[in-house]
Amino acid sequence: FDMKKPMICAVDEVFECSEGNGCAPRSEEQANVPAFFNVEFDKNKVTSKKQDGEYRESDIGATEELETVMILKGTQHDQAWSMVIGKEAGAMSATVTGDRFSFVMFGNCTALD
């Protein structure tokens, strides 16, 4: 895993969190989050298609490559997102945060050759 090859990430678990209600598990359909994300480092973009069919494209605002993980961050539609991808096995944790709510997603990524 490195930041030179495009990747695809699959979402396995989703939690919806809101102020006063805590966090609860949701399906991708219930949360209307993509089941897959494409990470295109050469274009500095993350692209996806939400469950309702809406295509999403977000600029990667910042990246950091550390010893064991890659960190990606961005903003879109008054929301902030971040993604951490483990270099050893491709384990992925991602968040989308808005005004008094967050979605937390877990999954795995793999490089596209």
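Trainee: Over how many bridges do β8 and β9 pair, and in which sense?
Mentor: Strands here are DSSP runs of E with at least two residues, numbered from the N terminus. Two strands pair if DSSP finds at least two bridges between them. β8 covers 79-86 and β9 covers 91-98. Their pairing runs over six bridges, in the antiparallel sense.

Trainee: What should I know about the model and its values?
Mentor: This is a predicted model, with residues numbered from 1 along each chain as its sequence is written. Local features need pLDDT of at least 70, side-chain atom pairs count only at pLDDT 80 or more, totals for chains, interfaces and linings use all residues, and side-chain values use heavy atoms, with hydrogens and water left out.

Trainee: Which residue in the turn between β8 and β9 has a positive phi?
Mentor: The two strands form a hairpin with four residues between them. Within the pairing, I85 has M92 of β9 as its bridge partner. In the turn, a positive phi of about 85° belongs to G90.

Trainee: What is the bridge partner of A91 in β10?
Mentor: β10 spans residues 101-111. β9 and β10 pair in the antiparallel sense over eight bridges. They form a hairpin with two residues between them, and R100 in the turn has a positive phi of about 70°. The partner of A91 is N108.

Trainee: Which residue of β2 stands opposite V14?
Mentor: β2 covers residues 22-26, and five bridges join β1 to this strand, antiparallel. The two form a hairpin with three residues between them, where G20 in the turn has a positive phi of about 85°. Opposite V14 stands R26.

Trainee: How many disulfides does the structure hold, and in which pattern?
Mentor: A disulfide is a covalent bond between the sulfur atoms of two cysteines. The cut-off used here is a pair of cysteine sulfur atoms within 2.5 Å. The structure holds two disulfides. With bonded cysteines counted along the chain, the pattern is 1-4, 2-3.

Trainee: How many residues apart are C9 and C109?
Mentor: C9 and C109 form a disulfide, with 2.0 Å between their sulfur atoms. The torsion about the S-S bond is about 105°, so this disulfide is right-handed. C9 sits in strand β1 and C109 in strand β10, so the pair links distant parts of the chain, at a separation of 100 residues.

Trainee: What is the relative accessible area of F106?
Mentor: F15 is partly exposed, with 25%. F106 is partly exposed too, and its relative accessible area is 32%.

Trainee: What is the volume of the largest pocket?
Mentor: On a 1 Å grid over the protein atoms alone, a pocket is an open set of points where a 1.4 Å probe fits, with protein on both sides within 12 Å along at least five of seven lines. Points are joined across faces, edges and corners, and a volume is the space filled by probe spheres set on the points. For the largest pocket, this comes to about 400 Å³.

Trainee: Which residues are closest to the centre of the largest pocket?
Mentor: Lining residues have an atom within 4 Å of a point. There are 24 of them, and the closest to the centre are P34, R56, Q76, Q79 and V96.

Trainee: Which strand gives the most to the lining of the largest pocket?
Mentor: β4 (45-49), β5 (55-59), β8, β9 and β10 each supply at least two lining residues. With five residues, the strand that gives the most is β8.

Note on methods:
Buried < 20%, exposed > 50% of the residue type's maximum accessible area, 1.4 Å probe, protein only.
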